[in-house]
Amino acid sequence: MINQKYSADASKKRLFLLSIPIFFSNLAIPLTGIIDTGLMGNLGDSKFLAATSIATSVMTMIIWSFAFLRMGTVGIVAQLFGKSDYREIARLLGRNLLLAIIIAVAIILLKPIIIGLTKDFFSTSVETQELIKTYISVRVLSVPAEFIIYILVGFYLGIQKTNISSLLIIILSTLNIIFSSFFVLSLDLNVLGVVLGTLLASYITAIIFSLFTYNFIVKKFQIIPTFQRLIVPSKLLKSLLNGQTLIHIAQSVFIFVQYSKHFSQFAVHFFTPDIFDRLWLVKSGLPKGNALGGQAWAHLSQISQNF
């Protein structure tokens with residue numbers, strides 16, 4: 001059981017140490033957009049930049065809308081970790097991963113609708129629309145891996161292994177840069193190249209850290225994860241889909257969409273607002289990191305007082 005007592009200064013220091021890695025974990029999605037936009041900006045034709053900017057905006061909006069997968073995981077895992085209920089943590093992780101995959105498959109099946117709405121929402125040339133379609137058609141296939149990464153990051157933040165969550169994001173971003181740069185600069189695949197880089201980086205990172213997490217649970221928790229009792233209960237959905245989280249995400253998505261729509265008409269200069277989009281997401285990651293760190297710390301502190 002957790003029974004440590006911390007002074008006010010020690011608690012502030014602990015909260016700060018938790019918040020910084022969470023801030024860096026929030027950079028995964030905007031960093032992907034920044035990398036893609038930067039690579040397309042080096043090509044001669046502005047249609048590549050415009051298409052990538054719009055497509056990454058759409059996919060970032062969709063993926064960001066399901067940030068509750070990570071936010072909900074952090075709080076529940078922190079509670080269970082404070083109670084030393086390691087077996088339930090393993091079950092929770094399995095349920096959340098199952099839920100993430102189900103949602104991701106639904107998004108993949110909705111690909112034609114997403115492409116159609118994007119075409120109606122943004123006014124661009126026919127060539128740019130084809131490039132947008134190419135990007136979204138491939139990027140949706142990476143959603144299962146990106147949601148798995150959400151869950152894994154939330155798990156490690158919940159048990160305060162922020163060094164592992166930070167390492168995950170570093171590896172994801174590094175692989176994305178390497179693959180995207182190779183496909184674009186060496187193979188001249190333009191839009192297809194940047195999205196293939198994201199696809200490969202996401203799945204490689206998800207597979208590596210899924211295997212690492214399995215071994216981590218076996219060694220640290222002395223538990224062998226199983227597929228039993230993985231049916232998602234209603235209380236889990238209520239915990240993940242809490243009101244404050246949904247309101248926060250809805251506000252972020254609304255601002256993001258309206259901002260992107262306003263500037264989409266200036267396709268040639270779209271890189272400027274697109275970069276501001278990414279910087280806005282980066283900036284918003286700091287208070288979110290502090291909030292998530294405080295959430296995890298509050299759950300652990302509350303439990304420590306009960307014992």
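## Salt bridges around E88

E88 pairs up with R91 in a salt bridge whose closest N and O atoms are 3.7 Å apart; the term stands for a side-chain nitrogen of Lys or Arg within 4 Å of a carboxyl oxygen of Asp or Glu. The two residues sit three apart in helix α5, so about one helical turn separates E88 from R91. Helices here are DSSP runs of H or I with at least four residues, strands are E runs of at least two, and both are numbered from the N terminus. E88 also takes part in a salt bridge with R95, and there the closest N and O atoms are 2.9 Å apart. Put together, E88, R91 and R95 make a network of salt bridges.

How much of this is covered? R95 and E88 are both buried, while R91 is partly exposed, because its relative accessible area is 24%. The cut-offs: buried is under 20% relative accessible area, exposed is over 50%, and partly exposed is what falls in between, with a 1.4 Å probe and protein chains only. Elsewhere, the side chains of R139 and E146 meet in a salt bridge at 3.0 Å, N to O, and R139 and E146 are both buried too. The salt-bridge count by this rule is four.

## What kind of model this is

This is a predicted model, with pLDDT of at least 70 needed for local features and 80 or more for side-chain atom pairs, while totals for chains, interfaces and linings use all residues. Residues are numbered from 1 along each chain as its sequence is written, and side-chain values use heavy atoms, with hydrogens and water left out.

## The chain as a whole

The chain has 13 helices and zero strands, so written from the N terminus its elements simply read α-α-α-α-α-α-α-α-α-α-α-α-α. Of its 307 residues, 51% count as buried. The accessible surface comes to about 14,400 Å², and carbon and sulfur atoms own 67% of that; these areas come from the Shrake-Rupley method with a 1.4 Å probe, and for residues only the protein chains shown count as cover.

Now for the contacts, meaning heavy atoms within 4.5 Å. Taking contacts between residues at least 6 apart in sequence, 81% join residues at least 24 apart.

I101 counts as partly exposed because its relative accessibility is 38%.

Helix α6 (residues 111-121) packs with α5 at an angle of about 55°, and the axes are 4 Å apart. That angle is why α5 counts as oblique to α6. The axes are lines fitted to C-alpha atoms, for helices over the stretch in contact, and the angles run from 0 to 180 degrees between N-to-C directions. Under 35 degrees is roughly parallel, over 145 roughly antiparallel, 65 to 115 roughly perpendicular, and the rest oblique. On the α5 side I107, I108 and L109 are involved, meeting K111, P112 and I114 of α6.

## Two buried isoleucines

I151 belongs to helix α8 (residues 143-158) and counts as buried because its relative accessibility is 0%. Leaving aside neighbours within four places in sequence, I151 touches L69, T73, L93, N96, L97 and A100.

T198 is 163 residues away from I35 along the chain, yet their C-alpha atoms are separated by 9.6 Å.

## Two positive phi values

Most residues other than glycine have a negative phi. S84 has a positive one of about 60° without being a glycine. S84 lies in the loop between α4 (68-82) and α5, and is partly exposed because its relative accessible area is 25%.

D188 is another non-glycine residue with a positive phi, near 55°. Its place is the loop between α9 (162-186) and α10 (190-220). At 55% relative accessibility, D188 counts as exposed.
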